[in-house]
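Please examine the structure below before reading on.

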Amino acid sequence: MTVDETAVEERVRAFLARHDPAATPPLDFLRARFDAGLAWVHFPEGLGGLGAPRELQSVVERALTGTPQHDVGRLAIGLGMAAPTILAFGTEEQKRRFLRPLWTGEEVWCQLFSEPGAGSDLATLATRAVRDGDEWVVDGQKVWTSGAHFARWAILVARTDPDVPKHQGLTYFVCDMRAPGVEVRPLRQITGEAEFNEVFLTGVRLPDDLRLGAVGDGWRVAQATLMNERVAIGGAPGRRGGGMLAEITETWRNRPELRTHDLHRRLLDLWVEAEVTRLAGARLREQLAAGAPGPEGSGVKLAFARLNQALSGLEVEMRREEGLLYDDWTFRRSESVDFFGRGPGYRYLRAKGNSIEGGTSEILRNIIAERVLGLPAEPRADKNVPWKDLPR
Amino acid sequence: MTLLYSEVEEELRAAVRDLLADRCPPAAVLAGAESAPGRDAELWKALARDIGAAGLLIPEDLGGAGASAREAAVVLEELGRAVAPVPFLTSAVMATWALVRCGGDAARELLGELAVGETTAALAVSLATSPYALSTPPAAVRAEAGRLTGRVTAVAGADAADLLIVPASGALYAVDAADAVVEVVTSLDLTRPVAMVTFDGTPGRPVGADLAPLRAALAMGAGLLASEQLGLAEWCLATTLAHVKERHQFARPIGSFQALKHRLADLWMEIVQARAAARGAADALARTPGAGAADEGGAGEVALAVAVAQAWCGTAAVHAAEECLQLHGGIGMTWEHPLHLYLKRAKADEIALGTPGDHRDALADLADLPAPLPA
C-alpha cells in the first residue's frame, strides 16, 4: 500500500488527538511522534516512518508547526548523516537501538572522519582499528569534529587493513563517545569560539556489533554518509530570500543610508544567484523524493558555500564603520551549529568554513567533473599501492 | 508546482528531438545559414503541423492543443539545442499569445489559422524590446482609419510570417505581411535574423484595443526564451565534454586536467541553476495564464519568476557558448564547426526581450530591494 497525502494527514490528526502538544512533556511528545511514524515519513514503519514518499514529510511538518521540536542544529550530523547511513547499512538491531533516540535528540551524534593528515584525501586516514576477539581496539586522532563534547555516539571510519590499497582497508564503526580512551579537546576557530574539536582515541575498545557494514567496506559506507552530508548542508529546504540572504536584505531595507549604486548592483546579482540556487535545491529535493542522493547534491553545496561567503562579505562591507567591529572574541564552546547567528562579522568568518567542511569546493568540483560529467581522472600516484607504502 | 518534467512533456520532447535529429543536424543548419538564413520552411511545417507545435498555446475550441507554457518550454529547449531556424518562439509563442490575450472574434479567427499551421505570424516589435520599457507605447507606427504607416527595426521572425501583429497608436492591428515591406538585414544571429518592416498606408484590421496583450506576449516570450537558452547551453556543455574527452595534448585527454575539469564543473552547476530557473518561469507562466508583465496587478509572482530566469539564463547561455569556443581551441574559431551558430544565437538572445541587467533592475521592485535614495 502506498501512503498518500490524505493518509499522512489522517495519521497526524489521529496522533494529535492522542497527544496534546500543549499538555505532553516535549520529550514524550517527540518519542510518541517517532512511534507514530511521523519522524521521517520515508523511513520504514517501526523506525519512525511510514514507508511514504519523502516529499510527504512537508505535510507532517506543516501540520505539526508549533508543537515541540528537536534542535536541528544540534542534531544535524545524526539526522543528516548517521541516520541515513544506519538505515542503509545497519543491522535490524542497530536500527532499532539507534534511530529513535537519535531523532528525539536524547542521543547526539558526531562524525569522526577527518584527520590532521587526511582531509580532502579522506581515504588515506591513519586511525587504526585492530581486531581483538569480539572487539576492535582503536587508536588515532580525529579533527574538526563538531559537537564531540556533547555527543553520545560517533560515526567513525578507521583503517583495519594497512596492507591493501587505501580505499580497500577501511571499516565503518559506531564509536561510543563514553568509552575509556576517548578524549575530546576543543579546537578554537577564527570566530573565537570552539564549535569543533580534536578527538584523541587511545586504546578505545568497541564491540564488533558497533561495526556498520562489512569489514573493508568502510569507503562505500562513508560515501553514502558524505552524499547525505552534502545534501544536508546544501539542500536544506529554503524559502525565497531566506538563509544568509535574509540578513543582508533586512539590513538593506531598514538602513537606506547604507545603500549605494555599486552595492545595489552586487546585491541584485547575488539575490538572483541565491534564488536560482534555491530553485536548484528544490528541484534536487523533488528528484530525491524518488531516490537516493546522487553526486548532484555536491553542486548545490558548492553554490551554497559561494553564496554564503559572498553575501556575508558584502554585508560587512555595506555596514562600513559597524563592519569594523566584532561582537565577542571570548573563547567558548558552542552548543549548536549556526551559520546565520550572531553578528555580520561572525557570519562572514563562519561562512569561510562552508567551502571546506563536508568536502572542499575543489574536491566537489572534482566529484562533479568525474562522476557527473564523466571526465577522466588525473593520473594518480596512489593507485594500487598498499596504504602502508604511500608517502606521508 | 513541480520543476521536473512530466511524462507528457518528455514525450513531446522526444518527438521534437527525433524530428530535429532527422531534419536539422548541425551541418544542415550551418549549410542553410548562408543560403537561406533563418529559414527552414519544410522543417517548420513538420514541427508546426505534424507535431502540432504551432497550436500548443491555443485553446482547444480554436483547434489548438490547449497546452501550457510548460510544454512550449520543452519544445524551446529542443529548438535551442539544435539552433533550429524555425519561427516557433516568434509565431507560436509571442504572436500567438498576444492574440490569445486579445480575445475577440478577429483574434480568434486568426488563432484558428495559426493552430493548424496554415498561417505563421510575428509581432512587429524589435526583438530588443524590454518587457519593462512599455510604459510608453512604441511610437514607431501610427494608425489612421485602418491604415498603418511607420517602420519597425530588428523584428525577428518577420521573414517567415504571413501575418504581422502590429502595435500602432496604442492598439494592436493584424496586417498581411505581403502588404508590408519586410527586409531581412545582415544579422549577428545567422539562425534567427532580424528584419526591417515598413508600413506605408498599409491596411490593418484592429485585433486588440490596447497594448496589454503585447505586454503579456513579451513576458511570455521572455520567460520561455529562458528554456531556449537552457537547451542551447546544454548543447554547448555536452559538445565541449565530448571534445575534451577525445582531444589529447601532453599525452592525456585534455579533460583530465583539473583546470578544465573545474571550469566545466562550474559551468555544469550554472546550467543546473538555469534549468531550475527556466522550469520555474515556465511553471509560473503555466499556472497563471492571465498574467503578464510587472505592471499587471497580482502578477508579481509570474513577473518575478520570469525576471529571475532571464537574469540568469541569458548570461548562462553566453557563458556556455564562450566556454565551448575556448575549450575547443583553434577548432572553435573555424566557420566549419557549428558552435559559432550557438555563440551568435546566445549573444542575440542575451539582448532579446530585455538584457540580464534589465531583468535584474526589475527585481529591485519585484524583490523589494529598493535603489539608493537620491543624493
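The questions and answers below concern this predicted model.

Q: Why is the pair Arg240(A) and Glu301(B) called a salt bridge?
A: The side chains of Arg240(A) and Glu301(B) come to 2.9 Å, N to O. The cut-off is 4 Å between a side-chain nitrogen of Lys or Arg and a carboxyl oxygen of Asp or Glu, so the pair qualifies. Across the interface of chain A and chain B, the rule finds six salt bridges.

Q: Why is Asp269(A) called partly exposed?
A: The relative accessibility of Asp269(A) is 28%. Buried requires under 20% and exposed over 50%, so a value in between is partly exposed.

Q: Which parts of chain A does the pair Arg306(A) and Glu273(A) tie together?
A: The closest N and O atoms of Arg306(A) and Glu273(A) are 2.6 Å apart, in a salt bridge. Arg306(A) belongs to helix H9 and Glu273(A) to helix H8, so the pair links parts 33 residues apart in sequence.

Q: Are Arg306(A) and Glu273(A) buried or partly exposed?
A: Arg306(A) has a relative accessibility of 44% and counts as partly exposed. Glu273(A), with a relative accessible area of 10%, is buried, because the limit for buried is under 20%.

Q: How do you know that H9(A) is largely enclosed by the rest of the structure?
A: Of the 23 residues of H9(A), 17 are buried, and therefore the helix is largely enclosed.

Q: How does the span of H9(A) compare with the span expected at 1.5 Å a residue?
A: H9(A) reaches 33 Å from its first C-alpha to its last, close to the 33 Å expected.

Q: What makes Arg287(B) and Asp283(B) a pair within one helix?
A: Both residues lie in helix H8 of chain B, four residues apart, which is about one turn of the helix. Asp283(B) has a relative accessible area of 4% and is buried.

Note on methods. Residues numbered from 1 in each chain as written. Chains lettered and ligands numbered in written order. Predicted model: local features only at pLDDT ≥ 70, side-chain atom pairs only at ≥ 80, totals over all residues. Heavy atoms only, no water. Helix = DSSP H or I, 4+ residues; strand = E, 2+ residues; numbered from the N terminus. Expected span 1.5 Å × (residues − 1). Buried < 20%, exposed > 50% of the residue type's maximum accessible area, 1.4 Å probe, protein only.
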